[in-house]
Amino acid sequence: MNTKHISLEIPEEVSIVSRVLSSATFENYLVGGCVRDLLLSRAPKDYDLTTIASPEEITPLFEHTFYENDYGTVGIVNEEPRLESLRVIEVTPYRSESAYSDFRRPDAVTWAKTLEEDLKRRDFTMNAIAYDIEKKELIDPFNGQDDLEKKLIRTVGDPGVRFSEDALRMIRALRFAAELGFAIEEETLAAILEHKDLLKHISKERIKDELIKIVMSDAPSIALGLATQLGLLEYITPEFLKGVGMEQNQAHAYTVWEHLLRSLDHAAKKKFPLHVRLAALFHDVGKPDTRVWKNDQWTFYGHEVVGAKITKKVLMELAFPKEIVEKVTKLVRWHMFFSDTEQITLSAVRRMVRNVTPELIWDLMDVRACDRIGTGRPKESPYRLRKYHAMIEEVMRNPISVKQLRMNGGEIMTVTGAPAGPHIGFILEILLSEVLEDPTLNEEKHLKTRVLELHSLPKEELARLGKEARAKNELEDEKESEKINQKFGVK
Ligand code: ATP
Ligand code: MG
């Protein structure tokens with residue numbers, strides 16, 4: 001057995017769990033990603049222990065536990081952890097994997113009797129190193145430390161066999177390449193090329209989990225670039241394939257796909273949250289479907305509308321949380337706004353804030369920054385950026401919905417003495433359209449006067465103006481997107 005004495009710095013919270021197990025005579029080891037990360041001097045995301053004990057034996061030893069899943073993992077909970085990585089310490093019984101009938105996950109979980117069996121079923125050599133906390137000893141039967149030193153991702157055992165057992169491991173290899181900046185070892189790489197088609201058996205949920213980790217890594221383009229070269233992209237997000245190698249106009253130094261990868265890398269560099277990173281990745285996904293040669297160059301008119309639809313479809317299919325889908329879709333839909341410098345007026349910005357919602361407006365600016373950097377062109381003038389920021393702040397203080405009028409439906413009924421009915425809504429819409437044009441009009445005295453004026457109009461006249469105002473207030477963007485929808489034959 002390949003062992004080595006080494007002193008790793010283990011948090012006390014983790015050592016205690018290990019000691020409790022040991023004193024109940026259950027052998028246990030730190031294992032997997034945390035050992036790898038400690039050896040690389042990276043902060044582990046979480047700490048996993050593997051043990052000879054069964055879930056039924058583990059649970060009574062600790063105060064606050066939960067029994068997690070099909071794999072027998074028991075979570076030991078720290079209510080008020082010093083670090084998020086110490087909130088739950090996972091303890092999993094030794095496992096080995098039995099038959100794989102569908103290229104994904106074993107048919108049944110089989111408990112194992114030894115650490116060696118457990119290490120053998122793990123994906124990569126660097127993830128198959130165990131650490132005996134008390135003895136301060138590494139157990140490394142597959143020479144994971146060598147590969148860590150060489151910065152190589154290599155499967156435990158025959159890569160073809162291991163990828164046939166669980167095809168997701170191929171995407172995990174790309175993910176670790178992006179997270180750690182490692183290369184994929186030659187035979188492992190060759191096996192990926194040979195077995196990539198098995199990925200069609202893998203569930204969208206599992207692919208999504210790895211995609212999230214790729215996108216959240218420091219250099220997502222490493223994984224997605226490899227996915228492109230190796231032909232794995234079509235199993236992850238085939239919607240991007242059309243943009244691979246697709247030329248753009250003179251404003252862009254890069255192809256559509258390269259631009260998206262560079263935008264995403266910038267989002268990662270800035271440590272933006274998941275939805276902003278995804279928006280950076282997806283923002284031009286509609287370009288290939290909208291590319292038209294016009295006046296000696298390529299145009300992509302309406303690509304943000306088409307792109308938003310594609311984004312929504314892709315993220316929903318991958319079973320991303322609804323909240324993420326909605327945020328990313330909105331950011332993609334409106335990402336062109338701040339590119340079109342001509343059309344940026346206060347009332348346009350006001351409409352924009354309504355469309356993208358105040359919650360997302362600053363994220364939209366971040367997506368815009370990623371887009372700019374991703375083109376490889378010099379930065380936008382700092383003056384203009386400051387100006388946009390100022391405009392956003394200004395309109396955020398102004399009303400963008402009838403709710404923000406200084407007068408509500410009930411007050412209009414009091415002022416006019418009129419009963420409830422559609423005319424109240426018409427008056428509100430007219431007031432809003434006027435206030436959107438001139439925010440200073442949102443003031444009680446003026447509104448009262450204007451309500452009485454509108455109330456004195458003939459019923460039909462009021463209805464007509466009200467409907468007009470409503471259409472103006474609410475449907476401008478929808479009208480526009482519908483036009484584009486028709487033009488490109490999308491729904
Ligand atoms: P992270 O830092 O993202 O948590 P990790 O290496 O801990 O990375 P996990 O997905 O949390 O990755 O898995 C924990 C460990 O379980 C891995 O280190 C590996 O040993 C093993 N493992 C996870 N998924 C697989 C798989 N599909 N096939 C084989 N072993 C796996
Ligand atoms: Mg982990």
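**Notebook: aromatic rings**

I began with F240, which counts as buried because its relative accessibility is 2%, under the 20% cut-off. I am working from a predicted model.

I looked up F282 next. F282 has 1% relative accessibility, so I put it down as buried.

I then checked how many aromatic pairs there are in the model, and the count comes to four.

One that I took up is F124 with F176. Their rings form an edge-to-face pair, with 6.0 Å from centre to centre and 80° between the planes. I traced where the two residues sit: F124 is in the loop between helix 4 (115-120) and strand 9 (130-132), while F176 belongs to helix 7 (residues 168-180). They are 52 residues apart, and the pair links distant parts of the chain. I noted both F124 and F176 as buried.

I went back to F240 and F282 as a pair.

Which residues do ring pairs link into a cluster? I wrote down F240, W257 and F282.

Last, I looked for charges over rings. The charged end of R175 sits over the ring of F176, at 4.3 Å from the ring centre. For K287, I found the charged end over the ring of F300, 4.6 Å from its centre.

Terms used:
Residues numbered from 1 in each chain as written. Chains lettered and ligands numbered in written order. Predicted model: local features only at pLDDT ≥ 70, side-chain atom pairs only at ≥ 80, totals over all residues. Heavy atoms only, no water. Phe/Tyr/Trp six-rings, centres within 6.5 Å; stacked < 30°, edge-to-face > 60°. Helix = DSSP H or I, 4+ residues; strand = E, 2+ residues; numbered from the N terminus. Buried < 20%, exposed > 50% of the residue type's maximum accessible area, 1.4 Å probe, protein only. Lys NZ or Arg CZ within 6 Å of the ring centre and 35° of its normal.
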